[in-house]
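Please examine the structure shown below, and keep it in view while reading the explanation that follows.

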Amino acid sequence: MHHPTSRRTLLTATAAAVAVAATGAGEARAAESARHPGRERLRRLIGRMSLEEKVGQLFVMRVYGHSATDPDPGDVASNQEEIGVSNAAELIAEYHVGGIIYFAWAHNTRDPHQIADLSNGIQKAGLAQSTSVPLMISTDQEHGIVARVGAPATLMPGAMALGAHGSRGDARTAARIAGGELAAMGIRQTYAPVADVNVNPANPVIGVRSFGSDPEAVARLVAAQVQGYQGAGIATAAKHFPGHGDTDVDSHYGIPKITHTEEEWERLDAPPFRAAIAAGIDSVMTGHLLFPALDPSDDPATLSKPILTGILRERLGYEGVVVTDSLGMAGVRQKYGDDRVPVLALAAGVDQLLNPPDLPTAWNAVLDAVRDGELTEARIEESVLRVLELKARRGLFKEPFVSHQGVERTVGTQAHLVAADRIAGRTTTLLVNEERDGRPTLPLSRRGGRDVLVVGVDPAAPSGTGGPPTKVLAEALTEQGFTAEALSTGTAGSPHPSPETIASAVAAASGRDAVVVATYNVTAGSSQRDLVTALAATGVPVVHVAIRNPYDIAHLDGVAASLATYSWTDVEIRAAARVVAGRTEPTGRLPVPVPSADDPAEQLYPVGYGLTY
């Protein structure tokens, strides 16, 4: 006989179920708290925030000026024009931004003590908000050809130079020293290391910013740099996910398309990102590029849920912060407007929105998306929690300020500068060393002839890192006992010497014991080739130095010796001079193959190639 269940029985059962569920939820929360200590405190902080403050935490913004409250009048005008505020303090009060990115062109990085004062002023403004939150101050300090903070800070060899030696210890040490100096100036995140595998010699945007073309070698060095930077107390960012290494389009100006299959992505592009995640990377930066094999939607990876959530989060198991590359770049602005890009990025799985071209538009667009239900407030809070956890992990809640004593103790110390020279000395790669009169061209003999002409292209040095290269090289050779004179034949913007300039260089080479010629990204049609050919025709031995990409030698004839430095910063140019003079033996090995100029499928010099004395 069926007995109907009493109302009291139902209520008792329901209450028991609720209690069990609550207990389960409580246990889950307790377990989460054990895995992530401090998370509950951060959740309470988020609970005190307004929606505007939560949205603000997701933005990392540029701001002009050397001071947080009293920038120069021109910088005030630029801030007003681009953001509608006068200075960093007003930016923080108005938009509650979670971070600020420093640039040399925004006049943020004049000198270490000024940088420290700017950082402290920014943190003071962050802590003065109704909900007190420190800011994550960041910059692109990759070293090599991308550096926003220059001398007297220590400048290390760049990624491909480190790849030429291949030492995890050197990569880790370079990052630890560089990270410690940034932290002393209040910069608590560097957008490095570059995890792209440079398999395309025609890549116009990555190139020597990559450790090389071997995915496993790149992965080892990426992991070492993550350990070095984060060991120094600053956050890192592996970039540009899912991989920007095989493109011939610069995403600053267009939208690249990566044509790798999914299997090729797993084999070529994924290993460095997997290694970074295994090393505990703090953040991963997205690339503004199309990758049809991973997402056929024709959306850039920055706006792709299949790539950022499906692959990065779910397949690779990454739980940290996802930050966009700059939202001012053409690669992310071609398909959607500046009001849609930040909303679509968050929907795809992004946590931080970097440097939107129009902050008021972007900030209000995210607010409107939450109010209209396109994005939930819970989705926003998920990203805010990741951002706050990153700040907590890097000590910003405990100690957001820096001191001038710390700057003096840490930035550009003699020990750091010596370490930079020592590391750079192991990266220079010797590709050609012809015999002349029964002996190799290099090292140059000070007994056989001291009179050296240094000619070639003089690209502007990365922010404050010295230069011009021909002058630095001539001075370094003079220090090594030669009599060296510098003659510039062009700049990076105009590296191709005119016939008149070539004639002047040939005349200056007459009667010299040797000519050292610096080249910068030589192509088939470059008149840098004509310069080298004309100098070789004088009969004076020509020592070639490729000061950016190592591929230049494939386009040159008649050189007696050829070196690759992978960058034209002072530390790498001085290292090359020591090799030329024989004070240091060349120990670098190519981290990328050099293809033949006539047949790109043929390797002129393979990965691992390099001569020594």
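Asparagine 433 stands opposite alanine 561, a residue of strand β18. This position belongs to the pairing of β11 with β18, two antiparallel strands joined by four bridges. Strands of a sheet pair through backbone hydrogen bonds, either parallel or antiparallel; here two strands are said to pair if DSSP finds at least two bridges between them. Strands (E, at least two residues) and helices (H or I, at least four residues) are DSSP runs, numbered from the N terminus. The model is a predicted one, in which local features need pLDDT of at least 70 and side-chain atom pairs count only at pLDDT 80 or more, whereas totals for chains, interfaces and linings use all residues. Residues are numbered from 1 along each chain as its sequence is written, and side-chain values use heavy atoms, with hydrogens and water left out.

Both strands belong to an open sheet of six strands with mixed pairing, in the order β11-β18-β17-β16-β14-β15. Its edge strands, β11 (429–433) and β15 (483–490), each pair on one side only. On average, neighbouring strands of this sheet are turned by 20° against each other, direction ignored; axes are lines fitted to C-alpha atoms, for helices over the stretch in contact, and angles run from 0 to 180 degrees between N-to-C directions.

Next, consider strand β17. Buried means under 20% relative accessible area, with a 1.4 Å probe and protein chains only. Val542, His544 and Ala546 point one way from β17, while Val543 and Val545 point the other way.

Strand β17 runs parallel to β18 (residues 561–564), to which four bridges join it; valine 545 has leucine 563 of β18 as its bridge partner. Strand β16 (residues 514–519) is also parallel to β17, and five bridges join these two. Within that pairing, valine 516 stands opposite valine 543 of β17. From β16 the chain crosses through helix α20 (residues 528–536) to β17 in a right-handed β-α-β crossover: with the strands pointing away from the viewer, the path from the first strand over the helix to the second runs clockwise. Helix α20 lies across β14 (451–457), β15, β16 and β17, and runs at about 170° to β16, where contact means heavy atoms within 4.5 Å.

Notes: Buried means under 20% relative accessible area, exposed over 50%, partly exposed in between (1.4 Å probe, protein chains only).
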